[in-house]
Amino acid sequence: MLRIKRGVAHELCQFVAMHVPTIIARKREGEELSSKEISKIIQAYAADELPDYQMAALAMAIYFRGMNSREIADLTRAMMDSGERFEHRDGHPPVVDKHSTGGIGDKVSLILAPLVACAGCWVPMVSGRGLGITGGTLDKLESIPRFQVRIPLDQASAQLEKIGVVMMGQTEKFCPADRKLYSLRDVTGTVPSIALITASIMSKKLAESLDRLVLDVKYGSGAFMKNLEQATALAASMSEVGKAMGVEIHTSLNAMDEPLGRAVGNALEVAESIDCLNGGGPEDLRKIVLDLSEMITTTPRVQLEKWLDDGTAREKFDQIVIAQNGNPDDLNRLLEIHRAPIIRDVIAGHGGTVQRADAGMIGQASLQLGCGRAKASDEVDFAVGFDQLVKCGESIHAGQAVCRIHARSAVDFEMAEALIERAVVIG
Ligand code: URA
């Protein structure tokens, strides 16, 4: 039998037309893909010339086999180049952003984007939808009636010029490769891959033409990276790609063992963000917003706190809502607009201290309630989820509520209640 050595096979692949099944099989066997192969695959996928089933198979091969740093950089660049990029005018203010690798109840972007814009920075924040068990900023924003996240680039640039901040998603023209691959990964079990997460996040962030970026890298049961070691590797991978493209990168590693704040679910999280923008909200949420904002602005923390407390950041968020077709009056009645048919407490059977409120299980329960998707074509349910969640370290007594479930049906309530009873440990 004719055997061709690995390196030679790789060389030969440069000279034959791209044969996608061969490329998938080579990655399945742990081989390195060339820059040209990666770029052609991404171009074809963004142009709808490569079917989802082949891309899903390749994503699964990458998930199992990984990519080296050269392949990750190529994948990121190819995804960034699949669409347009922001081109900021000469003399623009510092252009900054933050991106989280995803967590449960992580609504930081909704508060940080307007807050940082108050500091005079431009924030062209491009976010994603729910991914796996984690919620997505775009789904949360769309719970605000008529809020528009699909914004053409010229309109986004004009909004930056006018109010200093825009919160938008990928479109057919802006990061189209990530737009497609992101929703494909969400429903094919291919999210927790360092290569795929790096390329997804950094392609969007680099297309924003940033000066400075802070990456909130989560680890724990409610994150894609289950431990600090994996999160450190992901942070290093994203930093390397960002720095090579001339962006000042800051990373912040944060545990995601319990949900952030006390609310999980699309409209419920917007409501909690509004509390924070009104100077209130849960302590852990306010703290991380301030920690990350400090890293990308030169503004002292006391000033950032003042803008949360005196309504300045809230006013900026209202400006975003108006600019993106929503009505700020809806923010105060969002939970009436999206009211689940069943809203009921889960009661603690005994008293003690909350030892654990497992983010992974609570995320799974939120997904099953309808906060996320099982198929790419699914609609998310804005009304469902949890609020008034207890936090680790708090004391509670028997008969006290552990959280409130917002469910579409009695069956959904019971499923979520059973998961919460396992997720929350009182000792
Ligand atoms: N956020 C993204 O934008 N992409 C990922 O893959 C994970 C989190």
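View 1. A polar side-chain atom of Ser200 sits 2.7 Å from a nitrogen atom of the ligand. The protein covers 97% of the 240 Å² of accessible area that the ligand has on its own; areas come from the Shrake-Rupley method with a 1.4 Å probe, and for residues, only the protein chains shown count as cover. Arg185 places a polar side-chain atom 2.8 Å from an oxygen atom of the ligand. For His99, a side-chain N or O atom is 3.0 Å from a ligand oxygen atom. Polar contacts are pairs of N or O atoms within 3.5 Å; within protein, one must be able to donate a hydrogen and the other to accept it, and residues adjacent in sequence count only if both atoms are side-chain atoms. This is a predicted model: local features need pLDDT of at least 70, side-chain atom pairs count only at pLDDT 80 or more, and totals for chains, interfaces and linings use all residues. Residues are numbered from 1 along each chain as its sequence is written, and side-chain values use heavy atoms, without hydrogens and water.

**View 2. Residues around the ligand.** The surrounding residues are His99, Ser100, Thr101, Leu131, Tyr182, Arg185, Ile197, Ser200, Ile201 and Lys204.

View 3. All 5 of the 5 residues of β2 (residues 123-127) are buried, so the strand is largely enclosed by the rest of the structure. Buried means under 20% relative accessible area, exposed over 50%, partly exposed in between (1.4 Å probe, protein chains only). Val123, Met125 and Ser127 lie on one side, Pro124 and Val126 on the other. β2 pairs with β3 (residues 165-169) in the parallel sense over 5 bridges. Val126 stands opposite Met168 of β3. Strands are DSSP runs (E, at least two residues), numbered from the N terminus; two strands pair if DSSP finds at least two bridges between them.

**View 4. The open sheet β6-β10-β8.** Its 3 strands pair antiparallel, in that order. β6 (342-347) and β8 (385-387) are the edge strands, each with a single partner, so one side of each has no neighbour in the sheet. The twist averages 30° from one strand to the next; axes are lines fitted to C-alpha atoms, and angles run from 0 to 180 degrees between N-to-C directions. β8 and β10 (residues 401-407) are joined by 3 bridges. Phe386 stands opposite Ile405 of β10.

Terms used
Helix = DSSP H or I, 4+ residues; strand = E, 2+ residues; numbered from the N terminus. Near = heavy atom within 4 Å.
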